[in-house]
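Okay, thanks for coming, everyone.

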Amino acid sequence: MTSGEDGGGIPSEMKEKLASFDSALTSLETELKPLLAKPRMEFFEKLEPLDMGKMDLVASYAVNSLFWMYLNVCGVNPKDHAIKQELERVRGYMNRVKEIQDKAKAPKVNAGAAKRMVKSALWQAAQKKVEQQGRDEEGPSQSRHSLNAPGGCRKRKLDDIETRKGRRTR
């Protein structure tokens, strides 16, 4: 007998790994007992469709991961087995669900508010352009105040107003 083995023929390093594996399986059983005690439909009737999909994906991934471990224990290389493609497929679906959740959490654009902001910005730019043209046309003999209406507001030309109304109706 070697120094790493006892009477059962199992090396002590392997016994430690087996003990930790046994404790992990025991904790998995205790965590899964509430899920396995109730019928599956009881869980699903309270969930949203996205949450149902997530639960199915987690269950599928867990079962496939356990099978991966089983193949390892049996001495089969799981990387050469079809389980690898199955795990990758489930991971792909998990990523798609995550993208859907991220899209749902993403900030939404308020189209009405955006239109109002753009209209306001365009209106202000047009007003500045009209004022600039008025200043250029004033010349040195006219004062700026002579073109303004009482109260400080600039008078618009009648044809300018009609043109703008025509744009709005289209």
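So, to start: which residue just after helix 3 takes a positive phi? It's Gly75, with a phi of about 90 degrees.

Quick housekeeping before I go on. This is a predicted model, so to speak, where local features need pLDDT of at least 70, side-chain atom pairs count only at pLDDT 80 or more, and totals for chains, interfaces and linings use all residues. Residues are numbered from 1 along each chain as its sequence is written, and side-chain values use heavy atoms, with hydrogens and water left out.

Now the overall picture. The protein chain has 6 helices and 0 strands, where helices (H or I, at least four residues) and strands (E, at least two) are DSSP runs numbered from the N terminus. Read from the N terminus, the order is α-α-α-α-α-α. Of the 170 residues, 8% count as buried; buried is under 20% relative accessible area, exposed is over 50%, and partly exposed is in between, with a 1.4 Å probe and protein chains only. As for contacts (heavy atoms within 4.5 Å), take those between residues at least 6 apart in sequence: 40% of them join residues at least 24 apart.

On to helix 3. It has 26 residues and spans 38 Å from first C-alpha to last, close to the 38 Å expected at 1.5 Å a residue. The expected span, by the way, is 1.5 Å times one less than the number of residues. Its buried residues are Leu57, Asn64 and Leu71, and helix 4 is among what covers them.

Let me stop at two side chains there. Asn64 sits in helix 3 and counts as buried because its relative accessibility is 11%. Setting aside residues up to four places away in sequence, Asn64 touches Ile83, Glu86, Leu87 and Val90. Met52 is also a helix 3 residue, but at 26% relative accessibility Met52 counts as partly exposed. Beyond its neighbours within four places, Met52 contacts Phe44 and Leu47.

Then the partner. Helix 4, residues 83–105, has 23 residues and reaches 33 Å end to end by C-alpha, close to the 33 Å expected. Ile83, Leu87, Val90 and Val97 are buried in helix 4, and helix 3 is part of what covers the buried residues there.

How do the axes of helix 3 and helix 4 cross? They come within 10 Å and cross at roughly 155 degrees. That makes the two helices roughly antiparallel. For the conventions: axes are lines fitted to C-alpha atoms, for helices over the stretch in contact, with angles from 0 to 180 degrees between N-to-C directions. Angles under 35 degrees are roughly parallel, over 145 roughly antiparallel, 65 to 115 roughly perpendicular, and the rest oblique.

And who meets whom? On the helix 3 side we have, among others, Leu50, Leu57, Tyr61, Phe67 and Trp68, and on the helix 4 side residues including Ile83, Tyr93, Met94 and Ile100. By class, that contact has 14 nonpolar, 4 polar and 4 charged residues. Here Ala, Val, Leu, Ile, Met, Phe, Trp, Tyr, Cys and Pro are nonpolar, Asp, Glu, Lys and Arg are charged, and the others, Gly among them, are polar.
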